[in-house]
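Let's take a friendly walk through a protein chain, one piece at a time. Keep the picture beside you as you read.

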Amino acid sequence: MALASFTARFKQFVTPDALRSYLAEFISTFFYVFVVVGSAMASRKLMSDLATGPSSLVLVAIANTFALSSSVYIASNVSGGHVNPAVTFGLAVGGHISVSTALFYWVSQMLASVMACLLLKVATVSQDVPIYTIASEMTGFGASMIEGVLTFGLVYAVYAGGDTRSGPLRSIGPLVIGLMAGSMVLAAGPFSGGSMNPALAFGSAVVAGRFKNQAVYWVGPLIGAAVAGLLYDNVVFPGHVSGRVNSDGTTGV
């Protein structure tokens with residue numbers, strides 16, 4: 001009986017619509033990570049003596065803005081365009097997607113990030129893949145707080161960008177989300193890296209083989225995402241369901 005129930009539930013998450021949503025998350029996350037990590041590698045290649053300077057920070061922030069806006073847009077009608085395990089977690093906590101769907105999304109996002117970083121390493125003839133690190137004078141707790149605040153702002157922008165009451169302005173939701181991410185990178189890049197995305201930090205760490213302070217890029221963003229979702233739905237706009245509900249039960253901007 002239990003096996004039959006499990007089988008029936010599992011089949012709900014391997015329908016054609018569900019599989020398309022997982023693939024959409026994989027594709028959008030792949031290109032987002034490819035651009036963000038690739039821009040950091042390109043900056044280091046062109047300006048090796050200024051790899052951590054202001055020019056590099058601006059370059060990565062601009063790449064983050066363009067990449068996230070585009071990635072959210074291309075997947076929004078299929079999977080909701082999460083492109084980030086923290087966004088998925090925030091929407092799951094808010095009840096917009098099921099926990100099971102969120103787990104499948106996580107697998108797609110994490111695999112896409114690892115594949116993007118691996119491709120960069122192989123295609124650039126084994127150049128080092130940069131990882132997210134915290135400033136030497138900072139503690140892990142402080143860096144987690146920063147990443148949590150950054151992710152709160154990002155996920156709050158995701159909720160606001162998908163608000164059905166925005167009218168015509170809702171069409172620029174992906175752009176707003178990208179601009180928020182880019183500005184956050186400019187604000188916190190020198191301190192915690194401005195990841196806001198556990199998959200982004202995880203993929204580069206796996207390929208580079210260095211996991212120091214990896215918890216910073218999970219704990220802070222997941223807490224920040226959950227608080228943003230709960231605050232938006234229950235305090236700022238109580239009783240209002242933001243976002244588009246797709247055919248597979250997912251929610252997008």
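## Buried, exposed or in between

A residue counts as buried when its relative accessible area is under 20%, as exposed when that area is over 50%, and as partly exposed in between. Asn 213 has a relative accessible area of 29%, so it is partly exposed. You can find Asn 213 in the loop between H8 and H9. Please keep in mind that what you are looking at is a predicted model.

## The chain as a whole

How many helices and strands are there in the chain? The chain has 9 helices and 2 strands.

The chain holds 253 residues, and 50% of them are buried. Now look at contacts between residues with a separation of 6 or more: 79% of these involve residues 24 or more positions apart.

## Helices side by side

Let's start with helix H3 (residues 54-75) and helix H7 (residues 173-192), whose axes come within 8 Å and cross at roughly 155°. An angle over 145 degrees counts as roughly antiparallel, and H3 and H7 are therefore roughly antiparallel to each other. The crossing of H3 past H7 is right-handed. Among the residues that meet here are Leu 57, Ala 61, Leu 68 and Ser 69 from H3, with Pro 174, Leu 175, Gly 178 and Val 185 from H7. Sorted by class, the contact of H3 with H7 has 15 nonpolar and 6 polar residues, and no charged ones.

Next come helix H6 (residues 140-161) and helix H9 (residues 216-236), with axes 6 Å apart and a packing angle of about 40°. H6 and H9 are therefore oblique to each other. Here too there is a right-handed crossing, as H6 passes H9. The contact of H6 with H9 is made up of 15 nonpolar, 7 polar and 2 charged residues.

H9 also packs with H8, at an angle of about 170° and with the axes 9 Å apart. These two helices, H8 and H9, are therefore roughly antiparallel to each other. On the H8 side you will see Pro 198, Ala 201 and Phe 202, which meet Tyr 217, Trp 218 and Pro 221 in H9. The contact of H8 with H9 has 6 nonpolar residues, with no polar and no charged ones.

## The largest nonpolar core

Which residues touch the most other members of the largest nonpolar core? They are Tyr 32, Val 33, Val 37, Leu 68, Met 196 and Leu 200, in a core of 51 residues. Several elements give two or more residues to this core, including helix H2 (16-46), helix H4 (85-93), helix H5 (99-123) and helix H8 (198-208). H9 gives the most, with 7 residues.

## A closer look at Met 196

Met 196 deserves a stop of its own. This residue is found in the loop between H7 and H8. Is Met 196 buried or exposed? Its relative accessibility is 1%, so Met 196 counts as buried. Leaving aside neighbours within four places in sequence, Met 196 is in contact with residues including Asn 84, Glu 147, Leu 154, Ala 181 and Val 185.

The backbone is worth a look too. Most residues other than glycine have a negative phi. Met 196, which is not a glycine, has a positive phi of about 60°. Asn 213 is another residue other than glycine with a positive phi, near 60°.

Ser 69 lies in helix H3. With a relative accessibility of 11%, Ser 69 counts as buried. Once neighbours within four places in sequence are set aside, the contacts of Ser 69 are Pro 174, Leu 175, Gly 178 and Leu 179. From C-alpha to C-alpha, Ser 69 and Gly 173 are 8.4 Å apart in space, while 104 residues separate them in sequence.

Ala 188 has its place in helix H7. At 3% relative accessibility, Ala 188 counts as buried. With neighbours within four places again left aside, Ala 188 is in contact with Ile 146, Leu 150, Gly 193 and Gly 194. The C-alpha atoms of Ala 188 and Ile 134 are separated by 10.0 Å, and these residues are 54 residues apart along the chain.

Definitions and conventions
Residues are numbered from 1 along each chain as its sequence is written. This is a predicted model: local features need pLDDT of at least 70, side-chain atom pairs count only at pLDDT 80 or more; totals for chains, interfaces and linings use all residues. Side-chain values use heavy atoms; hydrogens and water are left out. Axes are lines fitted to C-alpha atoms, for helices over the stretch in contact, and angles run from 0 to 180 degrees between N-to-C directions. Helices (H or I, at least four residues) and strands (E, at least two) are DSSP runs, numbered from the N terminus. Angles under 35 degrees count as roughly parallel, over 145 as roughly antiparallel, 65 to 115 as roughly perpendicular and the rest as oblique. A crossing is left-handed if the near helix is turned anticlockwise from the far one by less than a right angle, and right-handed if clockwise. Ala, Val, Leu, Ile, Met, Phe, Trp, Tyr, Cys and Pro count as nonpolar, Asp, Glu, Lys and Arg as charged, and the others, Gly among them, as polar. Contact means heavy atoms within 4.5 Å. A nonpolar core is a set of buried Ala, Val, Leu, Ile, Met, Phe, Trp, Tyr and Cys residues joined through side-chain atoms within 4.5 Å. Buried means under 20% relative accessible area, exposed over 50%, partly exposed in between (1.4 Å probe, protein chains only).
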